[in-house]
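Here is a friendly walk through one structure, feature by feature.

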Amino acid sequence: MRLKLLLPLVLAAALTACGSGTASTGGATQAKTIRLAYQAFPSGDLIVKNKKWLEQALPDYTIQWTKFDSGASINTAFVARSVDIAAIGSSPVARGLSAPLNIPYQVAFVLDVAGDNEALVARNGSGIATVKDLRGKKVATSFASTSHYSLLAALSQAGVAESEVNIIDLEPQDILASWTRGDIDAAYTWLPTLAEVKKTGKTLISSRELATAGKPTLDLGVVSTAFIQAHPDAVDAWRKVEAKALQLIADDPGEAAAAVGAELNLAAADAKDQLSQGVFLEPADLASAEWLGTPSAPGALAQNLVSAAQFLKDQQKIDAVPDLAAVQRAIYNKGLPGVLDS
């Protein structure tokens, strides 16, 4: 869903939206509310939702979960101040922290590192055997997503100009419909849609391979700065249950898969297979030098986001690249690592 098409609508909605997570009507404050944006990909976020861990941790809050189809639409919701916490890919986060969006949110969690759970697949019979064969072909991806970023990185690596490929913007469910009709030749997308297109296609490259080549992508948990300032204890509670979900994936993949499968309408065995294709950190890793770091020692995630922004600037997808110090300020690592302890 393209950001520029949605902005007029959501900005109008923003006139009545509250950025603090607390609703009010006629001057009377209502129950505190947390508005969470989630996406339908295998992650600990779905475990938290399915098991209602946040509702249990914060009984005084009304918890609202809303499904979004891409990071672009989530960024639009943040611009409209209609969401407080979200699961979103690193590429749209890099866009959100850059001009012209400059969204006031902070990265507070790493949900997963993209592995084989995102990939570029060519449809059988399309005549495509390598990335170089995409010249003149119709390739679908979700614009401003990690898959879009990875597709551009794959084309650059193969020496194929973006202008040589007919890249179209489709959400995952529309990619599957177009694939089934034979309207597209290839797609870069994520699970569970990826699993369906792979049944009648060939994988050309995965995000795991691109990460090895220096273009990693991640799924992140971000929180609006206004919500962090207004409800720091609630943010801590959210981080704790997300860490609990990561630990469950590591300790009991069967139980984790059952929860994820229930959310994605998948058999537990299929959900377990899909979870195995992602790279999930353990809670202790989040405060390491490689990821979020600590307040006194910011982690390398900030540099990863700057690098992603630079790539997007080179591809003329954003106006300017934020400096490293600005992105480091957008990493919320207050209280790490101790705050994640149960």
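Q: Which residues line the largest cavity?
A: Rolling a probe the size of a water molecule over the atoms shows where empty space is left. On a 1 Å grid over the protein atoms alone, a cavity is a set of points where a 1.4 Å probe fits but cannot get out, and lining residues have an atom within 4 Å of a point. Here the largest cavity is lined by Q39, F41, G71, G89, P92, E118, S145, T146, W190 and D219. Its space comes to about 60 Å³, where a volume is the space filled by probe spheres set on the grid points, joined across faces, edges and corners. Searching the whole structure gives 3 cavities of 30 Å³ or more.

Q: What kind of model is this, and how are its residues numbered?
A: This is a predicted model, in which local features need pLDDT of at least 70 and side-chain atom pairs count only at pLDDT 80 or more, while totals for chains, interfaces and linings use all residues. Residues are numbered from 1 along each chain as its sequence is written, and side-chain values use heavy atoms, with hydrogens and water left out.

Q: Is helix α6 largely enclosed or open, and why?
A: Start with the word buried: it means under 20% relative accessible area, with exposed over 50% and partly exposed in between (1.4 Å probe, protein chains only). In α6, 11 of the 13 residues are buried, so the helix is largely enclosed by the rest of the structure. Among the buried ones are T146, H148, Y149, L151 and A158.

Q: What span does α6 have from its first C-alpha to its last?
A: The expected span of a helix is 1.5 Å times one less than its number of residues. Helix α6 (residues 146-158) reaches 18 Å, close to the 18 Å expected. Just after α6, G159 takes a positive phi of about 75°.

Q: Which residues does Y149 touch?
A: Contact means heavy atoms within 4.5 Å. Not counting residues up to four places away in sequence, Y149 touches S91, K215, P216, T217, A308, F311 and L312. With L312, 163 residues apart along the chain, the C-alpha atoms are separated by 7.7 Å. Y149 counts as buried because its relative accessibility is 5%.

Q: Where is S207, and what is it in contact with?
A: S207 lies in helix α9 (residues 207-212). Leaving aside neighbours within four places in sequence, S207 is in contact with A114, G115, E118, S150, Y188 and T217. At 1% relative accessibility, S207 counts as buried.

Q: How many residues has the largest nonpolar core?
A: A nonpolar core is a set of buried Ala, Val, Leu, Ile, Met, Phe, Trp, Tyr and Cys residues joined through side-chain atoms within 4.5 Å. The largest has 74 residues, and those with the most contacts inside it include W238, L301 and L305. Helix α11 (residues 232-251) gives the most to this core, with 10 residues. A second, separate core has 28 residues, including A122, V131, L151 and I318.

Q: Where are the cis peptide bonds and positive phi values?
A: Most residues other than glycine have a negative phi, and most peptide bonds are trans. In this model, a cis bond joins A99 and P100, with omega about 10°, and another joins L336 and P337, with omega about 0°. K52 has a positive phi of about 55° although it is not a glycine, and phi of R81 is near 55°. K52 is found in the loop between α2 (44-51) and α3 (53-57), while R81 sits in the loop between α4 (71-79) and β4 (85-89).

Notes. Helix = DSSP H or I, 4+ residues; strand = E, 2+ residues; numbered from the N terminus. 1 Å grid on protein atoms, 1.4 Å probe; cavity = no way out; pocket = protein on both sides within 12 Å on 5 of 7 lines; lining within 4 Å.
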